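Here are my notes on this one, as numbered points. Have a look at the model first.

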Amino acid sequence: MAALLEPPPPFPLLPPNSNSTRPIPYNLKLGRPANPSNKPALLLSVHSPTTNTTTPCCAATPEQPVSESPNPVPGTALVRTRDRRRAVRLAWEKLVRWSRSWRSKAKTDVLERTNKVVVLGGGSFATAMAAHVANRKAQMEVNMLVRDVQVCQSINSNHCNRKYFPEHKLPDNVIATTDAKTALLGADYCLHAVPVQFSSSFLEGIAEHVYPGLPFISVSKGLELNTLRTMSQLIPQALNNPRQPFIALSGPSFALELMNKLPTAMVVASKDKKLANAAQQLLACNYLRISTSSDVIGVEVAGALKNVLAIAAGIVDGMNLGNNCKTALVAQGCSEIRWLATKMGAKPTTITGLSGIGDIMLTCFVNLSRNRTVGVRLGSGEQLDDILSSTNQVAEGVSTAGAVIALAQKYNVKMPVLTAVARIIDNELTPKKAVLELMSLPQVEEV
C-alpha cells in the first residue's frame, strides 16, 4: 500500500468567493492507473482524518498537465502571468485607439491643394522621392529637373531611371526635364536632392526661375567644404533670398527601400512649425512615418557628420578588426558628433533620436551605405581616387570630412575619430596607423 503524505496544517478547502463544492486536494499519492501510454500518473486525492480514508479526485499524465483552475489562487505564478498578459493587452489596445483617433483627425488639405512638385536632381534618392510623392496623388505633376540628358530620356521614354533603378517602374505622373523654367513653373514644393558640393552653383543657375515663397525640402546631407555652410544656410544664400522657406528632411532611409515601399521613418525640421506640418502631410503615408522637429541645426549636423563616421566604420570592416572594434569606434564617433552639434546649438535629444543615432546606425552597419563602402575599400588597401572613379554615386562623407575638422577647430571640440578619417582621405595617414593612434589615446572618464 502506498504511503500517504502527512496532511498539512488545516486551511480552507474552498477558495474565497467560490461557488464550487468540489474540495481542494491537499494530499498526494503516486499510483499506476490504466492509461494508453502505460506511464505513471499523478493521483490527486483527499484524505479524511475522521474516516481514515482516501478519495481520488483526478489524475493527469506528465504529457497531460492539470487544467488551469477557473479561479486560481491569488499570488500564484498563474495569476501573475494572467495579470501581466492582461496589462500588455490593455496597453496595446489603448495605443491602437490613440493611433486611430489621431489618424481620424489628421489633416489632408496640404496634399489636396498640391498640384505640382519639382525634384532637383536625378540621382537615386531624387528618383526615390519623386516616385514616392507621385504615388501620393495620381493627379499631381512631379517634375524632375536633371542635368543628364540620357537620364531624362530614360525617365520620359521608359518610365524608369536606368542609371540607378533599371528594374523599378516610375509612376506615369513623373516627368523629367533639363529646362529649369519648365520644371519650376507653378510648383508648390521643391525637393532638393543635388549633392551638397554642387548645390551652390546649381541653385545660382536656376535662381531666376524660383518663386520667392517656394518651400524647399532638402534631402542633401553634408557641409560645403570651403564655406562650412549647411543646406539651410546655403540654399537661401544661393537663391539670394534670406527668407526662402526651408525644411530639412533626414533620417535612416535608403533609396532602394523607399522605392520598394518598405516601412521607413524620417524627420522634417523647420523653424516654421506650420511649414514642418505641411511637409509632414505631403510626405507621410502608411509606409513612411514623418516626425516633425524645430531643431534644424541638429538634424543637419547629424545628417552630415554620420557620413564621415560611416567611412570610419567601413575602414574597420575592411581591415577585419572585428565587431568589438567597430562598435567602440561608432560609439566614440556618436559622442564626437554630439559634442560638436550641441556646441553649434543643437539639442542633445536630436542627436540621440531618429535623425541622429537612427541614421548613424543605418549608415555605419548596413552594406547599402555608399560611405561605408568607401571605408571598406580604403581599409582593404585601395586608393581613394580609384574608389571614387569606379562608382556613379556620390559619397558625401569624403567631401564633408575636411569641413568637419574645420568646424571642430572653430568650436574647439576634440574629434579624434572623425579627424583620423579626414587625414586618411587626405592620404596623410594610413588606416593601420590611425587605428594604433586611436587605441593609444588617453583613457579618460566617459562623458
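**Notes on the model**

1. Helix 10 (residues 296–318) and helix 16 (residues 396–410) have axes that come within 8 Å and cross at roughly 110 degrees. Helix 10 is therefore roughly perpendicular to helix 16 (65 to 115 degrees). Axes are lines fitted to C-alpha atoms over the stretch in contact, with angles from 0 to 180 degrees between N-to-C directions; helices are DSSP runs (H or I, at least four residues) numbered from the N terminus.

2. Contact (heavy atoms within 4.5 Å) involves Ala304, Leu305, Asn307, Val308 and Ile311 of helix 10, and Glu396, Gly397, Val398, Thr400, Ala401 and Val404 of helix 16.

3. This is a predicted model, where local features need pLDDT of at least 70 and side-chain atom pairs count only at 80 or more, while totals for chains, interfaces and linings use all residues. Residues are numbered from 1 along each chain, and side-chain values use heavy atoms, without hydrogens or water.

4. Mean pLDDT (the predictor's per-residue confidence, 0 to 100) is 86, with 83% of residues at 70 or more. Residues 1–44 fall below 50, yet have 52 contacts beyond near neighbours in sequence. Where pLDDT is low, predicted coordinates should not be read in detail.

Conventions
Helix = DSSP H or I, 4+ residues; strand = E, 2+ residues; numbered from the N terminus. Parallel < 35°, antiparallel > 145°, perpendicular 65-115°, else oblique.
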